[in-house]
Amino acid sequence: MKRLTALCIALILFITPVFSMQVFAEPEPRSMFDYTDDILEDGSLIYYFEELSLRMPADWRGKLTVVQHQSGVSFYQKASNDKYREEDIWTGGFLFQLGASVNQSFTYLPSFRYLGFSEQSAMNYYLRLPTDYPAYNDPEIRAEYDKMFSQIDYVVENVEFYSANARPSSGDSNPEPSTGSDASSAGKTAGGTDSSTGGTTGQDSKTESTGWKPSQVRYFFEHKMLPRYFYEKPEALLDGVRNVGIYPLWEAVSKENGTDPFYPKQDYSTHYYKAEDGTQIVQVEMPQPDEEPLCYRIYFVYNPDKDIAAYYTAECSSLAPDICFICNWSREGEHELCGSRDVLDKKDSKYADALLEEAKLVALQEYITGELTPEEVSPQNTQEPDEKKDSGKTSDAGLAPIECKEQGFSIMADPAYSWDYKDGTGITVYTESEGRIPYVIVYQGEDLIVEAFEYIKEQYTPHMQQSYGSDLVSYTEYEDYEIGGRKLPAGLYTYRLQGYLVDMLRIYDSTGKRTVAYTAKYIQGQGEETLKALDNAVRSFKAE
């Protein structure tokens, strides 16, 4: 867990007096997840915990890696885990994690087995199972993993509680709903049926279509899918959040799992902050949660220059309804509690200030100090096209001038469009709604690229391949692309973005002393207006 230093705590008290802050000390040396292990007479392995024991098949001997942490004890196939650790991946070969909860929050896990309830400690015990296929890509290792995973039923059936009042699982089961992931032996029992969520946990009946309730899909979305995707492809995800919002992704995940999106689009909004060192902090407001551990807000913290990529949540608490918990999901899939604060009231006149203070608290978890500058605040995918601002007097051709004094050029555009300027980007002309795809960007650089077509092939296309990875569907490089009555070098790139295919056309021109880059982004098949705006920009570009 990232802990606040004395300096950070002082900064919190000085900068953010509205916070109700708790600093969590190291756990006591003895915990409910401390264990001893032994080998029984029949060769089976046994792990003794404070209130129960877990028994493993005899042929697992020498094949396990066991890791104890604050939230439980994780068991891994050693062969996969060793191989993945060579690649700096620490959770490879995951079989299950023993966990305990005072409430029913574990039932939001996409895949778990219920073990029982201890009246002595009032704890529910369960095994959390993998939601993907974590075996190493080697035939022998995968065969061993598949056999071990198929024997998890043996572990569940042989759990033993020490307390006379403990109630082991009844063995009743419900089919586990699909998570939308590829079929594999993970998530299947030895008989080939779905892993059960056996045991009586007092949950409401589930949806008839797939067994998932909207709250369970939401848990998977906020706590599993988003952090995993962010750590794998941070730039692609943040580009999507900024341009089309997070709602289309939520909608796609909901429908894939047979549930209605349930929450209206207007319940999602995004706030962008920038730290003095250039770190981006993207704060996404989620629909009002009513169950633990659903989120009020999620945070993406990103600065590739400082190797910072972190995912945080502001979570609902059923035990303390007036408090939300600030937590972190690590790259390795560990969930850590970082602090707490009062639940924010959206009707409060100082709500925006409180959001900024919470963003500062998240920034401090990554040791980012100093001021945060709000970049923009906009609802996602919810509103009709904004009222367009008048950029100047309309010319005889029906277009209006847009002047970029910072970079020394001007273009002409339809006065119905909105536009803005940002350092490092240039002028962005929004052909529909401000702040979102579709748009056209015009940027005049300081240097001259002499061989622009070679630059596209050797520099820009590799940049797109690295940024979007497997989400880059296709690309075409043009030595002479006809646009604005000219023939210019260009690259056309198509990539996946939260359920959409986005076309991005990148064109290079020259003033003789400086390079001009034009970029048009639009949803595939919906680019007519944006390409018209691009054509106008190329035709009308004038350098001062």
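What is the mean pLDDT of the protein, and what share of its residues reach 70 or more? Some notes on that and the rest follow.

1. The mean pLDDT is 76, with 77% of residues at 70 or more; pLDDT is the predictor's confidence in each residue, from 0 to 100. This is a predicted model, where local features need pLDDT of at least 70, side-chain atom pairs count only at pLDDT 80 or more, and totals for chains, interfaces and linings use all residues. Numbering runs from 1 along each chain as its sequence is written, and side-chain values use heavy atoms, with hydrogens and water left out.

2. Watch residues 164-211: pLDDT stays under 50 there, though the model has 97 contacts beyond four places in sequence for them (contact means heavy atoms within 4.5 Å). Residues 377-396 also stay under 50, with 56 such contacts.

3. Overall, the protein has 10 helices and 27 strands (DSSP runs, numbered from the N terminus: H or I of at least four residues for helices, E of at least two for strands). Of its 544 residues, 51% are buried (under 20% relative accessible area, 1.4 Å probe, protein chains only).

4. Now for R218, which sits in helix α5, residues 214-232. R218 is buried, at a relative accessible area of 2%. Its side chain makes a 2.6 Å polar contact with that of E222 (a pair of N or O atoms within 3.5 Å, one able to donate a hydrogen and the other to accept it; residues adjacent in sequence count only if both atoms are side-chain atoms).

5. Setting aside neighbours within four places in sequence, R218 touches several residues, including W250, Y263, M286 and C295.

Conventions: Buried means under 20% relative accessible area, exposed over 50%, partly exposed in between (1.4 Å probe, protein chains only).
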